[in-house]
Amino acid sequence: MDLGWSDDESAFRNDVRSWLEANVPTEPLPSGDTADGFALHLDWEHRLHAEGYSAVSWPAEFGGRGASLWQWLIFEEEYYRAGAPQRVTQNGIFLLAPTIFEFGTDAQRQYYLPRMSSAEDLWCQGWSEPNAGSDLAGITSKATRDEAAGGWRLSGQKTWTTRGAFCTHLFGLFRTDPDSERHRGLTYFLVPLDAEGMTVRGFGRLDGDEGFAEVFLDDVFVPDGDSDPARGGTLGDIDQGWGVAMATTTSERGLTLRSPGRFQAAAARLVELCRERGLEADAVSELVADAVTRVWIAAEAYSLYTLSDVTGIVEGRSPGAKSSLNKIFWSELDVELHRAALDLLGPEAEVDGPWSRGWQFSLSGPIYAGTNEIQRNIVAERVLGLPRIGR
Ligand SMILES: Cc1cc2nc3c(=O)[nH]c(=O)nc-3n(C[C@H](O)[C@H](O)[C@H](O)COP(=O)(O)OP(=O)(O)OC[C@H]3O[C@@H](n4cnc5c(N)ncnc54)[C@H](O)[C@@H]3O)c2cc1C
């Protein structure tokens, strides 16, 4: 077994590194979760796209470079190493797109993917509702058949839609079979946010950024399947949306949303911070040194685990429910990593921007993409095969 990179992969890394070194903004952009910051991030997305870097692993016809998954991992390592801007297109490119590749029709792939990689269409995720978060199968938003018009009429409310106020489209689950319960009778819809009957209301997070939106749907018309993609459509079969949505969550929890490069780069910065500050010969410093060492090792372990994951995917095995293990691991690692930085900075952490903001955001990791309690239930039942609680 050869665990090194091939010559082609090393050459790819060098190209990516040179381009990033020449192009990453020297000053960090303002948060992409504000209107002004989002606009600046879009400029950056356009530059990435012009170089084929916005979705490197996609075929060139959809705006990518046809890179392998291994090269994608390299790209991600270099991206985070260079401190490049956050990806405000992530919900489309990293979550929805793999599902369109798997469940979409040719017409949907041809229409949506190039517009997604070029950041012309910006997607937000419409799963959660006011009374359905962890219990996603409890959604009440519905789609009623409009036979005469050849489509569906959507009504209901979605909430916690990340960057919804700045996006152009929403993907989400709606109940298409009124007599169904729980996971059955749901369908996966693609909906333009400027459709008639749609209201998007942004709201602020605890840190003040307008990172969330509530989306209200009042009799919004969406045409059948891929009959008119510009007006939206359905992805996958009618009433089979749960299975399609699980493919999206596998991407969100597993490989694509949080690649190891993100945590390796943060761990390397933490080690650097530790070197700059130096450590006293006391018990507190010893604890901090232990924590820094632990998170650095954990970031490397996550990287090695991911290599085995990618091997499986390349050989045709989907991670499926095992992606819940990734999600628990990366979200807890992120909290521990930032906590170690705050311990190192001491009272100064109060005024240090990047680490303290990073820490605040890391606290949401165990909640978004499905809470870690829910992931542990999934691991217990579907990975370990334990009996369901209460049965
Ligand atoms: C930063 C961030 C971004 C988000 N972005 C989006 C987005 O773009 N689109 C979207 O649709 N949603 C988004 N969400 C919402 C997220 O998916 C939900 O917050 C999450 O699924 C939990 O749902 P809830 O908030 O309703 O909490 P609840 O479901 O009410 O859970 C409350 C608590 O009870 C626990 N709990 C609930 N059920 C069980 C159980 N069966 N066993 C054990 N414990 C349980 C939970 O783990 C949690 O600790 C985002 C959330 C955050 C924090």
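I searched the whole structure for salt bridges and got 24. The model is predicted, so I kept to the computed values.

I looked at E78 first. E78 pairs with R81, and the closest N and O atoms are 3.6 Å apart. Both sit in helix α3 (residues 69-81), three residues apart, which means about one helical turn separates them. E78 is buried at 1% relative accessible area, whereas R81 is partly exposed at 44%.

Next I took K158. K158 forms a salt bridge with E129, with 2.9 Å between the closest N and O atoms. I placed K158 in strand β3 (residues 151-158) and E129 in the loop between β1 (123-126) and β2 (142-146), so the pair ties together parts that are 29 residues apart in sequence. Buried or exposed, K158 and E129? I found both buried.

D135 is in the loop between β1 and β2, and R182 is in the loop between β4 (169-175) and β5 (186-192); the pair links distant parts of the chain, 47 residues apart. D135 is partly exposed at 37% relative accessible area, and R182 is partly exposed at 38%. I also noted one network, in which salt bridges that share partners join R13, R17, E77, E78 and R81.

I moved on to the ligand. I counted 17 residues around it, with S128, S134, T162, T371 and E373 coming nearest. By class, I logged six nonpolar, 10 polar and one charged residues in the shell. Which element gives the largest share of the shell? I traced it to helix α11 (residues 372-383), with three residues.

Then I went through polar atoms at the site. A backbone N or O atom of S128 is 2.7 Å from a ligand oxygen. A polar backbone atom of W160 is 3.1 Å from a ligand nitrogen. For N377, a side-chain N or O atom lies 3.1 Å from a nitrogen atom of the ligand. I checked cover as well: on its own the ligand has 980 Å² of accessible area, and the protein covers 64% of that.

Last, cysteines. How many disulfides does the structure hold? I found zero. For C124, the nearest cysteine sulfur belongs to C167, 4.7 Å away, and C124 is in no disulfide. I noted C124 as buried at 0% relative accessible area. C274 is buried too, at 12%.

Technical notes. Residues numbered from 1 in each chain as written. Predicted model: local features only at pLDDT ≥ 70, side-chain atom pairs only at ≥ 80, totals over all residues. Heavy atoms only, no water. Disulfide = S-S within 2.5 Å. Buried < 20%, exposed > 50% of the residue type's maximum accessible area, 1.4 Å probe, protein only. Near = heavy atom within 4 Å. Polar contact = N/O pair within 3.5 Å; in protein donor to acceptor, adjacent residues only side chain to side chain. Areas by Shrake-Rupley, 256 points an atom, 1.4 Å probe, with all protein chains shown as cover. Helix = DSSP H or I, 4+ residues; strand = E, 2+ residues; numbered from the N terminus. Nonpolar A, V, L, I, M, F, W, Y, C, P; charged D, E, K, R; others polar. Salt bridge = Lys/Arg side-chain N within 4 Å of Asp/Glu carboxyl O.
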